[in-house]
Amino acid sequence: MIGIDATGVYGDTFGIHNYVGRLVERVLPAAQDQRFTIYCRRSVPGSFRDLHPGVDFRVAPFRKRKICEQVWLPFQLWDSGLSVFHATYGCPVYCPVPLVLTVHDLFVKRYPERYPAWWRAYAQVAIERPASQAAAIVTPSDATRRDVIELLEVSPEKVTTIPLGVDQERFRPLPQEDIDEVRERYGLPDRFFLHVGGFSPVKNTVRIVEAFAQVCREKELSDVCLVFAGKKSWRHSETVEAAQRHGIEDRVIFTGYFPDEDLAALYCAAELFIYPSIIEGFGLPILEAFACDTPVVTSNCTALPEVAGDAAVQIDPESTEMLAENLIRLARQPDERTALAARGRERVQDFTWERMAKKHLEVYQSVSSLLVWKGGTL
């Protein structure tokens, strides 16, 4: 029996929690001969139901995901009969079951000065320490895999890279009337650059504003705006203050949380998607933009070149000038934007959730086989 921690899938999911939801939705139908226990928070997501006849759903009563992970899950795992437990974000402090651990990134280990003390302590307990005991570790990119091997000093044979995917039925070029309806409903301008993905320092959103301030000096680009879509979370105020400092607050729009059902139309409406993160463990929004035929500007470091390939403009994320120059050039050259969109459309075909789920099943089966070979009990 395989256990999967899906407590991250609750309410307004985003980022890595989308990975958990897509994993469960694809793994269950693909393994009808296997039994599963799926650990949820507050309720069983509707998309998880009726996917598999042999699923036991366990529901935590707590709202906070980390409480579910560190307090509730250890009791659930005791005498659970699982052959494999997949910790999809962090590992419970007590895990008596053979462990598959997903490590999305190790930025808190590589750049500790960027994170508060409580975050560093959590990462040590839930990610760094369990890595040495895990039977297998999954990373979304080779960049993260290299960090795991180097920083956590684990055997390379234990770490498998499994790229994320994108749902091309959901993220796709939409009819113009659908795009216009979303544009009107949210009061979006005719021309805008888009960023999706939060406001933490690694997302480089202050530098995006600083580069866009240079775009605003170009008279023929006076109709271009900048849209930030995402929850107004940690360090959000710094980005707002940057727009005010440069006197361009009337051309910088903060939508707040943007509903999943409207996200594809948002990508389609954007003239350009900007994702110049300083560090990333993968970079899923790049694939979403590709699937919507939206040209992309991203960074030339960490995992982002693995995702973007030659289908995006890659810049040094520490260079405001380089970012500004490329934004201005692409705003002026629709033919180059069209060429980039075509390359992105081709690139995104390499990334599917079905392929991702199949690779995870192979890891689960490898761990189970290893237990049998060692005389373990399944």
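I began with Asp293, which is partly exposed because its relative accessible area is 24%. My cut-offs: buried is under 20% relative accessible area, exposed is over 50%, and partly exposed is in between, with a 1.4 Å probe and protein chains only. Asp293 sits in the loop between H10 and strand E12 (296-299). Its phi is near 60°, a positive value in a residue other than glycine.

I noted that this is a predicted model, in which local features need pLDDT of at least 70, side-chain atom pairs count only at pLDDT 80 or more, and totals for chains, interfaces and linings use all residues. Residues are numbered from 1 along each chain as its sequence is written, and side-chain values use heavy atoms, with hydrogens and water left out.

I turned to Asp79 next. Asp79 also is not a glycine and has a positive phi, about 55°. Most residues other than glycine have a negative phi. Asp79 lies in the loop between helix H2 (65-77) and strand E4 (84-87). Helices (H or I, at least four residues) and strands (E, at least two) are DSSP runs, numbered from the N terminus. Asp79 counts as exposed because its relative accessibility is 73%.

Then I checked two loop residues for burial. Glu280 is in the loop between strand E11 (272-275) and helix H10 (284-291). It counts as buried, at 8% relative accessibility. Leaving out residues up to four places away in sequence, Glu280 touches Phe107, Lys203, Tyr275, Thr302, Ala303 and Leu304. Contact means heavy atoms within 4.5 Å.

Gly165 is in the loop between strand E7 (159-161) and helix H6 (176-185). At 0% relative accessibility, Gly165 counts as buried.

I looked at H1 for cover. Of its 15 residues, 12 are buried. Among them are His17, Tyr19, Arg22 and Glu25.

Last, I took the helix pair H7 (residues 205-215) and H8 (residues 236-245). Their axes come within 8 Å and cross at roughly 15°. Axes are lines fitted to C-alpha atoms, for helices over the stretch in contact, and angles run from 0 to 180 degrees between N-to-C directions. H7 and H8 are therefore roughly parallel; angles under 35 degrees count as such, over 145 as roughly antiparallel, 65 to 115 as roughly perpendicular and the rest as oblique. Thr205, Val206, Val209 and Glu210 of H7 meet Glu238, Thr239, Ala242, Ala243 and Arg245 of H8.
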